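Biologist: I'm new to this one. Can you walk me through it?
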2 protein chains.
Amino acid sequence: MARKGSGEKTRGKLLNAAIDLVRIEGYSAMRVEDVCARAGVSKGAFFHHFLGKEDLAAQAADRWRVNANALFAGAEFHEAETPLGRLLAYVEMRKALLSGEVYEYCCYAGTLVHDTYDSLPELAAGGAQAIDEHAASLEVDIAAAADAAGLRDFDARGLARYTQVVVQGALTLAKAEGGNATALKAFDHLKTYLELLFGPGSRLAN
Amino acid sequence: MARKGSGEKTRGKLLNAAIDLVRIEGYSAMRVEDVCARAGVSKGAFFHHFLGKEDLAAQAADRWRVNANALFAGAEFHEAETPLGRLLAYVEMRKALLSGEVYEYCCYAGTLVHDTYDSLPELAAGGAQAIDEHAASLEVDIAAAADAAGLRDFDARGLARYTQVVVQGALTLAKAEGGNATALKAFDHLKTYLELLFGPGSRLAN
């Protein structure tokens with residue numbers, strides 16, 4: 001049992017190091033040697049846990065997806081009383097996450113997709129799945145907010161995916177400007193859009 | 001003169017090959033050998049024009065920026081009668097550009113930023129400049145649309161940058177799903193937002 005616990009700890013260190021290095025320099029530039037050095041783990045231990053760099057990145061995508069799902073599933077924004085209130089609180093949470101260095105808040109999944117969508121599509125699919133599942137988690141509140149606003153046949157899935165377009169684009173601009181200024185404003189625009197769509201007196205009601 | 005023209009043609013082929021390869025596999029994975037092969041140019045000719053891969057990518061960022069500025073400056077959307085009409089037509093143009101393979105319509109500048117913002121910030125700055133200048137080109141119409149809608153002290157620069165958040169995020173989702181479905185819908189959401197902000201009876205007028 002002690003050995004198993006220690007092995008899990010080593011594996012976790014390597015996955016976290018890979019998540020950081022992909023967010024800093026991208027998948028292609030990442031070297032197994034640097035992952036090991038960052039994790040403080042020997043190369044022998046690395047190959048005890050992973051077949052190689054691609055396997056590491058795929059398992060890191062899985063960890064990223066599971067952790068993100070748990071983080072947002074357990075978040076405070078679900079406690080808001082109305083569906084629109086929950087969506088606005090979700091976007092506020094996205095704003096609050098934009099702290100520290102850019103690499104600390106940018107998206108492992110989105111970066112992995114950029115680097116591997118053509119060359120390693122199965123690996124990219126792990127990143128895409130994280131984005132898809134996170135988007136899908138917003139659909140129930142979006143559908144309820146649309147219903148409450150009197151919008152019939154509203155495409156909840158489309159708007160859920162649009163929120164992730166804004167998230168991914170905000171993080172690209174954060175990398176471009178080396179900070180979160182445009183990203184913070186982007187989330188404010190997303191909040192305004194949600195309020196205009198679903199707030200009192202929505203002009204789109206049909 | 002003939003030799004100079006031929007040299008320019010070779011240089012252009014190499015720049016176009018670099019733009020394609022960065023969009024396909026990213027900056028880090030791109031090899032000079034593959035750029036030369038794609039361009040049908042010898043390595044000797046490559047080093048006649050460029051100091052190396054970083055110089056190539058920096059000059060490609062310059063070319064991308066200049067070409068994009070020219071493409072959008074000369075585009076039809078400027079002919080719409082109202083500022084809001086021009087903004088909506090601009091977004092329609094973005095939709096029309098989403099044709100062919102993902103690598104053909106994704107953004108060299110945004111991909112370069114992802115790959116190099118930490119490791120080669122001067123190179124990333126060339127990509128960021130392309131995004132910045134393109135965003136800035138929309139500010140006059142945004143300010144005029146806000147003015148026409150009675151919105152005072154509107155942050156035109158902030159909304160201009162938000163449009164590019166949507167562009168970059170739409171292209172990330174295109175890579176994630178291997179097609180333009182979410183990107184097309186994202187631009188429709190952006191159009192709806194612009195209409196709600198600036199259209200007749202804007203609820204934000206102050």
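Biologist: How much of chain A is buried?
Modeller: Buried residues are 46% of the 206 residues in chain A. Keep in mind that this is a predicted model.

Biologist: How many helices and strands does chain A have?
Modeller: Chain A has 11 helices and zero strands. Read from the N terminus, its elements go α-α-α-α-α-α-α-α-α-α-α.

Biologist: What does the C-alpha trace of chain A span along its principal axes?
Modeller: About 65 × 40 × 30 Å.

Biologist: What share of the contacts in chain A is between residues 24 or more positions apart?
Modeller: They account for 64% of the contacts with a separation of 6 or more.

Biologist: On to the core. How many residues are in the largest nonpolar one?
Modeller: The largest nonpolar core has 130 residues. A18(A) and A18(B) have the most contacts inside it.

Biologist: What does A18(B) touch?
Modeller: Setting aside residues up to four places away in sequence, A18(B) touches M30(B), V35(B), L56(B), A57(B) and A60(B).

Biologist: Take A60(B) from there. Where is it, and is it buried or exposed?
Modeller: A60(B) lies in helix α4 of chain B. It counts as buried because it has 28 C-beta neighbours inside 10 Å. The cut-off for buried is 20 or more.

Biologist: Which residues is A60(B) in contact with?
Modeller: L15(B), A18(B), I19(B) and Y108(B), leaving aside neighbours within four places in sequence. G126(B) is 66 residues from A60(B) in sequence. In space, A60(B) and G126(B) are 8.9 Å apart, C-alpha to C-alpha.

Biologist: Y108(B) sits in which helix?
Modeller: Y108(B) is in α7(B), where Y108(B), A109(B) and L112(B) meet α4(B). On the α4(B) side are A57(B), A60(B), A61(B) and W64(B). By class, the residues of this contact are seven nonpolar, no polar and no charged.

Biologist: At what angle do α4(B) and α7(B) cross?
Modeller: Roughly 145°, and their axes come within 10 Å. Helix α4 of chain B covers residues 53-73, and helix α7 covers residues 108-116. The crossing of α4(B) and α7(B) is left-handed.

Biologist: And in chain A, how do α4(A) and α7(A) pack?
Modeller: They pack at an angle of about 145°, with axes 10 Å apart. That crossing is left-handed. A57(A), A60(A), A61(A) and W64(A) of α4(A) make the contact with Y108(A), A109(A) and L112(A) of α7(A). The classes are seven nonpolar, no polar and no charged.

Biologist: Why say the copies meet through the same surface?
Modeller: Because 100% of the interface residues of chain A are also interface residues in chain B.

Biologist: Where is D153(A), and is it buried or exposed?
Modeller: D153(A) lies in the loop between α9 (139-148) and α10 of chain A. It is exposed, with 6 other C-beta atoms within 10 Å.

Biologist: What about D153(B)?
Modeller: Phi of D153(B) is near 55°, which is positive in a residue other than glycine. D153(B) is in the loop between α9 (139-148) and α10 (156-177) of chain B. D153(B) is exposed, with 6 other C-beta atoms within 10 Å.

Methods
Residues are numbered from 1 along each chain as its sequence is written. Chains are lettered from A and ligands numbered from 1 in the order in which they are written. This is a predicted model: local features need pLDDT of at least 70, side-chain atom pairs count only at pLDDT 80 or more; totals for chains, interfaces and linings use all residues. Helices (H or I, at least four residues) and strands (E, at least two) are DSSP runs, numbered from the N terminus. A residue is buried if 20 or more other C-beta atoms lie within 10 Å of its own, exposed if 12 or fewer, and partly exposed in between; C-beta atoms are placed from the backbone. Two residues are in contact if their C-beta atoms, placed from the backbone, lie within 7 Å. Axes are lines fitted to C-alpha atoms, for helices over the stretch in contact, and angles run from 0 to 180 degrees between N-to-C directions. A crossing is left-handed if the near helix is turned anticlockwise from the far one by less than a right angle, and right-handed if clockwise. Ala, Val, Leu, Ile, Met, Phe, Trp, Tyr, Cys and Pro count as nonpolar, Asp, Glu, Lys and Arg as charged, and the others, Gly among them, as polar. A nonpolar core is a set of buried Ala, Val, Leu, Ile, Met, Phe, Trp, Tyr and Cys residues joined through C-beta atoms within 7 Å.
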